[in-house]
Amino acid sequence: MRSDGFLAGFGAAPSYAVALFSLLYLLVSVYVYLSLVRQIGARPAVPAGEPTRTFGLPEAILAGALILFLVLSITASVSRPSVDLSARNLLANLLFTMFVVLFIVTFLQLRGFDLSSLAGFFKISFVRALGTGIILLLAAYPLISLSNNIAQRLFGSGSSKQNIVEFFSGSRTIEQRIMIIVFAVAIAPVVEEFLFRFFLYGVIKRYLGRFLGITVNALLFAAAHTHFPSFVPLFVLGSCFTIAYEWSGSILVAMTMHSLFNSVTLTALAFPEIFSQ
């Protein structure tokens with residue numbers, strides 16, 4: 001009996017080790033993002049060396065129109081039955097979103113904004129942006145996982161797959177999968193980070209401040225995906241992206257994090273046996 005109990009306890013040791021590691025990982029994650037938030041709060045409204053010109057009323061009107069469009073799109077998607085995503089729909093959404101981005105870029109350039117300086121494209125090198133993005137994304141995963149578990153307990157498990165995830169899982173041709181990978185890893189991170197982090201957050205921060213701006217921006221980001229089961233983890237993910245952008249001063253960090261997150265998600269779908277172990 002003692003031998004069996006000892007062996008059972010020995011076999012359970014790895015589970016305790018995993019639980020302890022997970023707890024430590026979560027604590028480190030919380031510490032990292034609380035430290036970033038504290039550093040952001042300690043900074044002046046316009047740090048030395050940063051562009052002094054900020055978004056004004058014309059940009060606020062344009063951002064308001066974009067937010068109104070997002071709200072109408074979200075309302076329409078909720079009120080009608082779910083529509084299966086197809087290659088044609090994905091391409092149409094991509095072209096429309098690119099049109100919106102080009103319109104905003106043109107508008108800001110006509111207004112005399114230096115986009116590269118304002119977005120911090122050359123503030124840090126690509127290698128540093130990549131390294132920072134990897135570290136901050138690793139720190140974000142426990143927060144995302146915890147929020148997802150809490151949401152499932154409060155609202156039920158439901159389906160955690162968004163349309164594009166189901167489209168990737170159900171795709172049967174290599175062409176479709178390549179198109180989804182290019183969209184999710186290369187295009188969507190650039191487009192969404194420009195719209196949500198650079199433009200919308202920049203305008204909201206101008207009038208509501210940093211922390212309320214981070215919250216509102218993350219709410220918009222989560223709601224724009226029109227998938228209620230993943231709303232809470234998407235809100236946390238959007239908050240981490242915005243905090244990373246505000247702290248680093250470079251949109252490249254947020255774009256890198258977004259691209260890496262989508263890459264890991266698609267890898268988990270393509271090779272589920274690796275992540276199920």
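**Fold.** I counted secondary structure to start, and this predicted model has 11 helices and zero strands. Reading from the N terminus, I get α-α-α-α-α-α-α-α-α-α-α. I then looked up contacts between residues at least 6 apart in sequence, and 80% of them join residues at least 24 apart.

**Surface and burial.** The protein has 277 residues, and 36% of them are buried.

**Helix H7.** I followed H7 along residues 174-208 and found a bend of about 45 degrees at Ala 188. A proline, Pro 189, follows within four residues. After the helix comes Gly 209, where I read a positive phi, near 95 degrees.

**Salt bridges.** My search of the whole structure turned up four salt bridges. I took some of them one at a time.

Next I looked at Glu 246 and Lys 205, whose closest N and O atoms are 3.1 Å apart. Glu 246 is in helix H9 (residues 231-248) and Lys 205 is in H7, so this pair ties together parts 41 residues apart in sequence. I also see a network here: salt bridges with shared partners join Lys 205, Arg 210 and Glu 246. Glu 246 counts as buried because its relative accessible area is 10%, while Lys 205, at 30%, is partly exposed.

Then I checked Glu 59 and Arg 111, with closest N and O atoms 2.6 Å apart. Glu 59 belongs to helix H2, Arg 111 to the loop between H3 (87-110) and H4 (115-118), and the two are 52 residues apart. Buried or exposed, I asked of Glu 59? Glu 59 is buried, at 0% relative accessible area; Arg 111 is partly exposed, at 30%.

**Nonpolar patch.** I found a nonpolar surface patch of about 520 Å², made by Leu 57, Ile 61, Tyr 207, Leu 208 and Leu 212. Helices H2 (57-79) and H7 each give two or more residues to this patch. Leu 208, in H7, is partly exposed, with 45% relative accessible area.

**Ser 35.** My last stop was helix H1 (residues 2-42), which holds Ser 35. A polar atom of the Ser 35 side chain lies 2.7 Å from the backbone oxygen of Tyr 31. Ser 35 is buried, at 9% relative accessibility.

Notes
Residues numbered from 1 in each chain as written. Predicted model: local features only at pLDDT ≥ 70, side-chain atom pairs only at ≥ 80, totals over all residues. Heavy atoms only, no water. Bend = angle between axes of the 7 residues up to and from the residue. Buried < 20%, exposed > 50% of the residue type's maximum accessible area, 1.4 Å probe, protein only. Polar contact = N/O pair within 3.5 Å; in protein donor to acceptor, adjacent residues only side chain to side chain. Patch = residues over 30% accessible without salt bridge, like charges linked within 9 Å, V, L, I, M, F, W, Y side chains within 5 Å. Areas by Shrake-Rupley, 256 points an atom, 1.4 Å probe, with all protein chains shown as cover. Salt bridge = Lys/Arg side-chain N within 4 Å of Asp/Glu carboxyl O. Contact = heavy atoms within 4.5 Å.
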